[in-house]
Amino acid sequence: MLFASIVSAILGDPVDASIIVVIVLLSNMLNFVQTSRSQNSVEKLRANVAPTTSVRRDGAWLELPRRVVAPGDIVRLAAGGLVPADACLVNATDLHVQQAGIYPFF
């Protein structure tokens, strides 16, 4: 587009060249504003959506951040749940495991 504005200016049409330059500048400014807004929205979502898991501590089930799960904690998983750390399976009902993410096939 900027090349087209240069060609327009060389051919003696400064109005068209100016219009093209203004359109390019407005487009770039709009792109910058939208990108910064979307990045701010993503940061706010990440702050509000912290991954948690259900952990049994002191005989009660607590919803804790996954980063505080420690060895020896009993973790309750639901359908679609992710294992927050290395775990030992104690009890299961209708268990289905997808290992493709852990052990890729070569």
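This briefing walks through the fold, the sheet, the surface and a few individual residues of the protein shown above. Please keep in mind that the model is predicted. The protein has two helices and three strands, and along the sequence they follow the pattern α-α-β-β-β. Buried residues account for 9% of the 106 residues.

**The sheet**

- The three strands form an open sheet in the order β2-β1-β3, and their pairing is antiparallel.
- The edges belong to β2 (60-65) and β3 (74-76), each of which pairs on one side only.
- From one strand to the next, the twist averages 40°.
- Strand β1 covers residues 52-57 and pairs with β2 in the antiparallel sense over six bridges.

- If you are looking for aromatic pairs, the count is zero, with ring centres having to lie within 6.5 Å to qualify.

**Surface and contacts across the chain**

- The accessible surface of the protein is about 9400 Å², and carbon and sulfur atoms contribute 61% of that area.
- Take the contacts between residues at least 6 apart in sequence: 2% of them join residues at least 24 apart.

- Ser8 lies in helix α1, which spans residues 2-10.
- Is Ser8 buried or exposed? Ser8 counts as buried because its relative accessibility is 16%, and the cut-off for buried is under 20%.
- Leaving aside residues up to four places away in sequence, Ser8 touches Asp13, Asp16, Ala17 and Ile20.

**Cys88, after the sheet strands**

- Cys88 is located in the segment that follows β3.
- With a relative accessibility of 68%, Cys88 counts as exposed, since the cut-off for exposed is over 50%.
- How far apart are Cys88 and Val75 in space, C-alpha to C-alpha? The distance is 9.5 Å, and the two residues are 13 residues apart in sequence.

**To take away**

- Ser8 and Cys88 make a handy pair to inspect: Ser8 counts as buried, whereas Cys88 counts as exposed.

Notes
Residues numbered from 1 in each chain as written. Predicted model: local features only at pLDDT ≥ 70, side-chain atom pairs only at ≥ 80, totals over all residues. Heavy atoms only, no water. Pairing = 2+ DSSP bridges. Helix = DSSP H or I, 4+ residues; strand = E, 2+ residues; numbered from the N terminus. Axes fitted to C-alpha atoms, helices over the stretch in contact; angles between N-to-C directions. Phe/Tyr/Trp six-rings, centres within 6.5 Å; stacked < 30°, edge-to-face > 60°. Buried < 20%, exposed > 50% of the residue type's maximum accessible area, 1.4 Å probe, protein only. Contact = heavy atoms within 4.5 Å. Areas by Shrake-Rupley, 256 points an atom, 1.4 Å probe, with all protein chains shown as cover.
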